[in-house]
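Please keep the sequence and the structure in view while reading.

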Amino acid sequence: MGGTEAFPELGEHCQESSCNQLDFLPFRCDGCQKVFCLEHRSYKSHECTKANPNNRTVVICDACSVSIERRGDEKDQVILDQHAKSGDCDPSKKKKPVCPVKRCKQVLTFSNSTTCKECHLKVCLKHRFPSDHGCNKPLASTSGSKFLTALAARSGRDCGTQEKLLPTSPPRPMEAF
């Protein structure tokens, strides 16, 4: 039993031997029927000896993007090696690349993708500008590109290294009225 002095029936301690954390929303393992905290709730994290046989897990092949069901305690690398030797692994069926920008699922093809000139990341056309894909490489100031130099100065980059482009004339003396 867990809880506090005021509420002794509230919560339970994690039954992982190294943890024993008091958890107010504990999880009961459907295999071994023990109580665990959020960190130790999975079969793998508490090394459950009675893991649910109906539970299905898969391994994804990097070469062909096929999901292979794991049976028992097989290691991922052993499953992938067996898959490659079986002749079922067909790299031509690999899923097409998608835009790497967070939450963008656009499939990249030759006609709808571009490579950023700053960070060399291949992105979809919607994220082609450095500010749209989180490009963290600063714009390079080249002498041949006045536009990039002006853009860098305007966005706050290189503001200390730029000299003022306005012509300077000697100050006029103030006249008294």
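A residue is called buried when its relative accessible area is under 20%, exposed when it is over 50%, and partly exposed in between, using a 1.4 Å probe and protein chains only. The model is a predicted one, in which local features need pLDDT of at least 70 and side-chain atom pairs count only at pLDDT 80 or more, whereas totals for chains, interfaces and linings use all residues. Residues are numbered from 1 along each chain as its sequence is written, and side-chain values use heavy atoms, with hydrogens and water left out.

**Cysteines**

With a relative accessibility of 2%, C14 is buried. C61 is also classed as buried, at 7%. How many disulfides does the model contain? A disulfide is defined as a pair of cysteine sulfur atoms within 2.5 Å, and the count by this rule is zero. The closest cysteine sulfur to that of C14 belongs to C37 and lies 3.8 Å away, which is too far for a bond. For C61, the closest cysteine sulfur is in C64, at 3.7 Å, again too far for a bond.

**A salt bridge**

A salt bridge requires a side-chain nitrogen of Lys or Arg within 4 Å of a carboxyl oxygen of Asp or Glu. One salt bridge is counted by this rule. Its partners are E12 and R28, whose closest N and O atoms are 4.0 Å apart. This pair links distant parts of the chain, since E12 is in strand β1 (residues 12-13) and R28 is in strand β3 (residues 27-28), 16 residues apart. Strands here are DSSP runs of E with at least two residues, numbered from the N terminus.

**Surface residues**

| Residue | Relative accessible area | Class |
|---|---|---|
| E12 | 30% | partly exposed |
| R28 | 53% | exposed |
| F24 | 46% | partly exposed |
| R56 | 62% | exposed |

F24 occupies the loop between β2 (22-23) and β3. Together with F7, L10 and L25, F24 forms a nonpolar surface patch with about 450 Å² of accessible area. Such a patch joins nonpolar side chains (Val, Leu, Ile, Met, Phe, Trp, Tyr) within 5 Å, from residues with over 30% relative accessible area and no salt bridge; like charges are joined within 9 Å. Accessible areas come from the Shrake-Rupley method with a 1.4 Å probe, and for residues only the protein chains shown count as cover.

R56 is placed in the loop between β4 (35-36) and β5 (58-60). The C-alpha atoms of R56 and R70 are 7.2 Å apart, while the two residues are separated by 14 residues along the chain.

Technical notes: Helices (H or I, at least four residues) and strands (E, at least two) are DSSP runs, numbered from the N terminus.
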